[in-house]
Every structure is written in structure tokens, then in C-alpha cells.
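Subject: Structure for your attention, with notes

Dear colleague,

I am passing on a structure together with some notes on what was found in it. Please have it open as you read.

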Amino acid sequence: MITNVDQSIVLARFEAEGLLDSFQRDRAIVAQRETGQPLRKVLDRLGHVSQKDWAAAASDIARLPLIELSEMPRPIPKVERLSADFLSRKAILPLGNRGNRPAFAIADPTDEEIFRVLRMAFGDAPALSIATDRDIEAARDAAGDEAPDIATETGDLDAQALTELANNAPTVTYIEALFARAVERSATDIHIESRDTGIGVRLRVDGLLAEVPPPARAIESGVLSRIKILAGMDISERRLPQDGRIRQRIGGRPIDMRASSLPSIHGETLVLRILDSASGLASLADLDMPPRIHDVFETALSQPNGLILMTGPTGSGKTTTLHAALSGINSADRKIVTIENPVEITAPGLVQIEVRPEIGMTFAAVLRTVLRHNPDILMVGEIRDSETAELAVRAAMTGHLVLSTLHTNSAEDAMQRMLDLGVPDFLLKSVLRMVAAQRLVRCLCPDCSEELPLGLAEADLVATLARLRPDLPQEEWELRRAKGCETCAGTGFSGRMAVFEALDETALLTDADTPSMADEALGLVYAGETAFQEVARVFGLAAFQPRGQGD
């Protein structure tokens with residue numbers, strides 16, 4: 001006798017496997033009641049349990065075979081005893097006959113109505129299989145079903161039709177594949193850009209953008225709308241920028257994404273910043289700092305008070321370095337508060353606050369309030385105005401250790417930037433414990449990099465590098481070059497590492513000559529870890545002119 005399975009058994013299975021916790025379960029059940037949507041779709045849209053996970057668990061519990069899109073018939077067999085509306089509404093796909101038995105693929109063996117109707121129409125004869133909604137919908141699309149018309153009489157997009165398109169199988173399949181590709185390639189950002197020729201999609205991998213296959217023209221609006229739905233944005237609002245967050249389970253681990261939409265002349269552009277919360281929090285030891293730089297950091301962090309500044313452009317890893325520093329001094333006897341925009345790395349034991357300028361929660365406003373909460377250590381995401389600079393210095397003077405960032409090109413420039421923000425020179429020098437700067441350079445792919453053959457041009461390069469770093473023996477320069485292979489997607493590079501420079505209290509007070517980031521980068525070229533062309537791209541050729549030959 002064909003019969004449905006209990007929904008609670010499926011939920012218990014997901015909880016036992018760690019795919020769902022009690023809060024997520026209760027949230028999904030409430031959403032199911034409020035929206036009238038099947039639980040499997042609610043769980044998928046909330047990012048808790050994918051349709052593939054649901055189908056696999058349902059197949060095992062119901063002891064029914066699992067069927068995929070490639071196994072589904074084309075064209076779809078006709079079934080006169082069941083209406084097309086019922087088949088579509090209940091995600092049922094006719095598979096023809098197995099022997100003398102009518103066969104169907106269903107997405108939800110917990111739906112009692114499906115089994116009641118099938119028993120009324122066929123008795124206990126039907127042979128059932130389990131499939132995802134997406135595969136069932138894709139099979140119908142392949143058989144010639146038309147996509148919904150998403151244009152109203154005025155030419156505007158209809159929100160309900162957009163929602164339907166956002167949730168159809170081709171749209172969902174494309175986005176799942178895009179997210180999986182981004183995580184697999186360790187991308188930091190996904191750019192989805194409306195162009196005059198259609199949507200373009202690029203991934204930022206190791207700091208550089210690379211094109212990936214775009215969606216089919218028929219589902220472009222659905223792709224934009226689904227991402228906005230996942231991010232909690234208003235899909236009907238396309239004239240104003242919006243921000244949101246997405247949490248998805250990709251490759252078996254939770255991935256957070258910060259989403260931002262922006263209207264352009266050809267339509268909306270979306271950027272997703274990927275925040276891999278499962279990658280683990282780095283420590284300073286994980287950052288492969290040169291011993292001298294590591295000692296400067298450790299000495300500054302051991303001070304009971306003062307100001308520590310990290311500088312560098314957006315995307316240079318400043319926040320990662322500061323959180324790595326905090327992880328080393330985080331203890332139960334210290335209260336550490338971070339003020340960030342946004343909070344990208346979460347860590348146990350920290351009080352983390354996200355600024356919201358639109359309601360007056362600026363860095364300065366939050367910092368002023370936080371100082372009344374008796375913190376020991378403060379991390380201010382960025383000093384960008386005079387008020388925040390003044391409050392950070394005041395906090396450092398009154399017994400707090402303050403870590404923050406600035407957007408400057410070098411550690412030396414940070415001093416001038418703080419002076420420009422109105423901090424008196426004598427106060428600044430009294431509280432500064434360290435100023436560091438960093439950049440990220442790509443590492444040569446270990447699977448395909450090759451030794452650079454020493455022709456005349458290469459020999460001249462070695463001689464030039466040796467003049468820049470006379471402390472490194474010329475005959476021991478190990479120059480390598482990028483080649484490209486399947487592992488590195490043909491780029492010749494895989495992963496990035498940070499290059500640092502740091503000024504301690506002595507250097508800040510005496511203007512002592514310390515190695516620059518460019519000098520440190522040449523050390524990586526010397527060791528064959530990166531190519532000179534890469535560090536020249538990051539720092540500019542002017543940074544590598546012999547001393548005394550600059551502008």
C-alpha cells in the first residue's frame with residue numbers, strides 16, 4: 001500500500017545530521033504556516049536544507065528510489081486521470097509505465113493529499129520515485145512549458161511573476177552552480193552586472209576579476225530576483241540601492257554573503273561579498289609574517305593601552321589581520337568590543353557591533369557609547385573622520401588598547417593622515433604603539449610554476465633585484481614564472497599571501513629607516529613564491545626603483 005511518511009521524521013533526520021537546529025526548524029514551520037508553501041521549499045529558500053538534501057533524506061526514509069533529471073522521460077507522458085493543475089501544484093511528474101504500473105516522480109512523500117488522490121485514481125498500483133522540485137520543473141520546461149510572462153501592461157515587472165521566475169528550476173539551478181563555483185574557486189566576491197548585451201557575471205579570485213558563464217537570457221530577471229529574495233531585499237524596488245545578507249549551505253558548510261544592489265543605466269548590478277564563516281579564524285602565526293614584523297605586532301599587542309593602526313586599500317586584508325591579532329589577546333578576563341561596517345568575521349568572546357549610519361549609529365556615535373561600557377580593548381573598523389580619530393586617541397589615552405584601520409598607501413602616510421584629521425602631533429606620538437601596512441600578492445601555483453630561464457632580459461632582472469636587495473645573494477635568486485594549469489584555472493597563481501611593513505614606537509619617534517612592503521615582496525620573489533610581475537602589479541614599478549632614483 002502506498003502511503004506518505006511523517007514530516008517530523010524527516011525533520012528529525014536533518015537535526016540528527018546537523019543540517020538543521022531547533023531554531024531553524026521552528027522558524028521554517030512558522031514560515032510554512034504563514035505562507036502556505038510546502039516545508040521543503042521553505043527550508044530551501046531560507047538556506048537551511050537544500051532540495052537535494054530533502055530528496056535524499058525523503059528517498060531513504062520512504063524507501064523509494066531517487067530519480068534525477070537525466071532519467072526523466074521526454075516528452076512527458078499524458079495522464080488523463082489527473083489534472084495538469086494538480087500535477088504542477090503538487091510537483092508530480094508522470095514517468096510512463098513500469099511493467100503494468102503507472103509511475104510517477106514526486107518531490108514530497110510527506111504530503112498526504114498526493115497519496116490520497118493517487119489511491120483514488122490508481123489504487124495501490126503507482127510506482128513512485130523521489131525527485132527535487134527543480135528537476136521536475138526542469139523536465140517540464142524541457143518538454144516545452146513556457147516561462148511566465150513577467151511584463152505587465154505598463155512594461156513594469158510584476159512582483160508575483162518575478163517571484164515565480166526566481167523560483168523556477170533553471171534559475172535555481174544556475175544560482176546554485178554559481179555559488180558552488182565561487183566557493184570552489186575561493187572567490188571573495190560575485191559580480192552580477194546588467195549590460196547592454198545582457199547580464200555578465202564575474203568572480204573576484206585572488207584579487208582579480210574573471211568572467212564566468214552568464215545565465216540564459218530567459219532567466220536573467222529571475223537570477224537577479226532570486227538573489228534579492230535570498231538577501232531579504234525588495235524585488236519590486238529597482239531604482240534605489242539596497243543591502244542584504246544571504247546564508248546558504250554550500251559544499252556542506254554554511255556560507256554567509258553580503259549583498260548590495262545598485263541601479264545602472266542598463267539595469268541592476270549586484271555584488272555579493274562571500275564571508276566563509278566555516279574557514280576558521282586566523283591567528284598571527286597563520287599569516288606567515290616575517291619574524292621582525294611578528295615581533296613588532298606582539299610587542300604592541302602586549303601593551304596595556306595605546307593605539308595600533310593598520311593601513312592599506314580596500315581588500316588588502318586589514319580586517320583579517322586585526323581579528324587575528326585580537327584572537328591572540330582574547331581572554332575571559334578582558335572585555336573586547338569591535339565596531340565594524342559590516343561585521344565580516346564573528347568570533348566567540350567578542351562584543352561585536354555593526355554601525356548603521358542611516359539611523360545615526362556612526363563609528364563615532366557607537367564609540368562614544370561603548371566607552372561607557374567599561375571595555376579593555378576596542379577595535380574600530382575604520383577611522384574616517386575627525387570625530388572618530390579624536391575619540392580613538394582619547395580612548396587610547398584613558399587606558400584602553402585601541403586597534404583601527406586607515407586608508408593610506410603606507411605606514412608613514414598614516415601619521416600624516418591622523419594629523420590631517422586634527423590629532424595634535426604630540427598626542428599622536430604619545431599613544432601610537434605601532435603603525436603597519438599590508439598588501440596581498442598572489443602566490444605562484446605549486447602545480448605548474450616553472451623556473452624562469454635566464455636569458456639576457458632575465459639576467460638583467462636578477463641584477464636589478466640584487467641591487468634592490470643586496471642582502472640577498474645574487475646567485476641564489478630563485479626566479480619562477482606562472483604557467484597555468486587546471487588546478488589554478490589557467491592563471492598560474494593559487495591563493496594570496498600578505499606583505500607587511502611595520503613601524504614600532506622607536507621608528508615612529510626617530511624616523512628610523514625600516515624595510516618597506518616592496519622590500520618584503522622582493523623577498524617572496526627571491527624565494528620563488530611569487531613572480532616579479534605580480535609584485536610590480538600590486539606595488540607599481542616605481543616602488544622598485546633603486547634608492548635615490550625615485551621621483
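Of the 551 residues in the chain, 47% are buried, where buried means under 20% relative accessible area, exposed over 50% and partly exposed in between, with a 1.4 Å probe and protein chains only. Please keep in mind that this is a predicted model, in which local features need pLDDT of at least 70 and side-chain atom pairs count only at pLDDT 80 or more, while totals for chains, interfaces and linings use all residues. Residues are numbered from 1 along each chain as its sequence is written, and side-chain values use heavy atoms, with hydrogens and water left out.

Overall picture

The secondary structure comes to 20 helices and 18 strands, these being DSSP runs numbered from the N terminus, with at least four residues of H or I for a helix and at least two of E for a strand. Along the principal axes, the C-alpha atoms fill a box of roughly 90 × 65 × 50 Å. Taking the contacts between residues at least 6 apart in sequence, 63% join residues at least 24 apart, a contact being heavy atoms within 4.5 Å.

Helix packing

Two packed helices are described by the angle between their axes and the distance between the axes. Here the axes are lines fitted to C-alpha atoms, for helices over the stretch in contact, and the angles run from 0 to 180 degrees between N-to-C directions.

Helix H19 (residues 517–526) packs against helix H20 (residues 532–539) at an angle of about 160°, with the axes 9 Å apart. H19 is therefore roughly antiparallel to H20, on a scale where angles under 35 degrees count as roughly parallel, over 145 as roughly antiparallel, 65 to 115 as roughly perpendicular and the rest as oblique. The crossing of H19 and H20 is right-handed, which is the term used if the near helix is turned clockwise from the far one by less than a right angle, anticlockwise being left-handed. On the H19 side the contact involves Met 517, Ala 518, Ala 521, Leu 522 and Val 525, which meet Phe 532, Val 535 and Phe 539 in H20. The residues of this contact of H19 with H20 divide into eight nonpolar, no polar and no charged, with Ala, Val, Leu, Ile, Met, Phe, Trp, Tyr, Cys and Pro counted as nonpolar, Asp, Glu, Lys and Arg as charged, and the others, Gly among them, as polar.

Helix H9 (residues 169–184) and helix H10 (residues 220–230) pack at about 70°, with their axes 9 Å apart, so H9 is roughly perpendicular to H10. Thr 171, Val 172, Tyr 174, Ile 175 and Phe 179 of H9 make this contact with Gly 222, Val 223, Arg 226, Ile 227 and Leu 230 of H10, and the contact residues comprise seven nonpolar, two polar and one charged.

Salt bridges

A search of the whole structure finds 33 salt bridges, each being a side-chain nitrogen of Lys or Arg within 4 Å of a carboxyl oxygen of Asp or Glu. In one of them the side chains of Arg 40 and Asp 133 meet at 2.6 Å, N to O. This pair links distant parts of the chain, with Arg 40 in helix H3 (residues 39–45) and Asp 133 in helix H7 (residues 133–142), 93 residues apart, and both Arg 40 and Asp 133 are buried. Asp 256 forms a salt bridge with Arg 247, with the closest N and O atoms 3.0 Å apart; Asp 256 is buried at 17% relative accessibility, whereas Arg 247 is partly exposed at 41%.

A buried strand residue

Leu 272 lies in strand S9 (residues 267–275) and is buried at 0% relative accessibility. Not counting residues up to four places away in sequence, Leu 272 touches several residues, including Phe 179, Ile 227 and Met 257.

Backbone points to check

Most residues other than glycine have a negative phi, and most peptide bonds are trans. The peptide bond from Asn 341 to Pro 342 is cis, with omega near -5°, and Pro 342 is found in the loop between strand S11 (336–340) and strand S12 (350–354). Arg 63, although not a glycine, has a positive phi of about 55° and is exposed at 76% relative accessibility. Ala 91 also has a positive phi of about 55°, but Ala 91 is buried, with a relative accessible area of 7%.
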